[in-house]
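Morning, everyone. Let me put the next model up, and then we go through it piece by piece.

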Amino acid sequence: MAIDLITRQEWKARAPKGAYDHLARTRGCKIHYVGSRVDPKLAEDHDLCFATVRGIQKAHMNQGWLDFGYTAAVCPHRKVFVGRGLHHLPAANGSGLNANHYAVLGLVGNSGLTVPSDDMLHGIRDAIEWLRAEGGAGPEIKGHRDGYATDCPGPKLYAWVKAGAPRPGSKPEKAPPFPGRLLRYPPSTRGADVYSWQARMRDRGWDLIPDGDFGPRSAEVCRAFQLDSTAQGWPLDADGIVGPATWRATWERPVS
């Protein structure tokens, strides 16, 4: 696979304070943003990306962390900075959550540079595919706020994550034909169509295990997806039922 990695030696990382905990595999990756102001000049001056990553590492280590908290960081120029790297436990996802997901940082913030460039989104996808191919990462792509009380990764990156983290310029995936029946609970709906919907939701980053049984957890995720879709400009009835509109949105809802 093609990925433009910047090694720790190249960005002049400080050595970690100790040994990393080993991470054999994960459920997937969580996406983060800086959470403070990012200088808009980063978009034009790649040297500032190096300084920004070093500054984040310094802040993390000064607050007592072992090292830079993220697995990798991605700048607006489609460069992937190696942070803790493959098979090393990150520190950025929250207590008790780091063993479940690698942590990938996009170098955008809550002010200044707030909108990820297309190259940054490509770079985040490059990092995810690298972690899947070489780091044992599973299929989940989630935001930091999924399971942890935070605004991270900010509205722009989180909308992209919830849309399935598509590569910019890729054509929206066309939904398969609606199965012709409502998927709902109660009672549980079961079948291959349920499994297909659950698998697509999982691939979009929702915490749902495909088992072909549309039970209470599926209804809960469906309702949350409908509310999220409405907030992102794709209005759906928040009824927890997969009808034709929700089925189509599951595959085709674009990035906001």
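The accessible surface of the protein is about 11,500 Å². Carbon and sulfur atoms hold 52% of that surface. Areas here come from the Shrake-Rupley method with a 1.4 Å probe, and for residues only the protein chains shown count as cover. This is a predicted model: local features need pLDDT of at least 70, side-chain atom pairs count only at pLDDT 80 or more, and totals for chains, interfaces and linings use all residues. Residues are numbered from 1 along each chain as its sequence is written, and side-chain values use heavy atoms, with hydrogens and water left out.

Now the fold. The protein has six helices and ten strands. These are DSSP runs, numbered from the N terminus: helices are H or I with at least four residues, strands are E with at least two. The radius of gyration is 19 Å, close to the 18 Å from the globule rule for 256 residues, so the protein is as compact as a globular protein of that length. That radius is taken over C-alpha atoms, and the rule is 2.2 Å times the number of residues to the power 0.38.

How much of the protein is buried? Buried residues are 48% of the 256. Buried means under 20% relative accessible area, exposed over 50%, partly exposed in between, with a 1.4 Å probe and protein chains only. Of the contacts between residues at least 6 apart in sequence, 67% join residues at least 24 apart. A contact is heavy atoms within 4.5 Å.

Next, Asn93. This residue sits in the loop between strand E5 (80–82) and strand E6 (101–106). Asn93 counts as buried because its relative accessibility is 0%. Leaving out residues up to four places away in sequence, Asn93 touches Lys30, His32, Asn98, His101, Tyr102, Ala103, His144 and Tyr148.

On to helix H4, residues 192–203. H4 has twelve residues and reaches 16 Å from first C-alpha to last, close to the 16 Å expected at 1.5 Å a residue. The expected span is 1.5 Å times one less than the number of residues. Buried in H4 are Asp193, Val194, Trp197, Gln198, Ala199, Arg200 and Met201. Their cover includes strands E9 (189–190) and E10 (213–214), plus helices H5 (216–231) and H6 (244–252). After H4 comes Gly205, with a positive phi near 105°.

Last stop, Ala249 in helix H6. Ala249 is buried, at 0% relative accessible area. Beyond four places in sequence, Ala249 touches Arg204, Phe225, Trp234 and Leu236.
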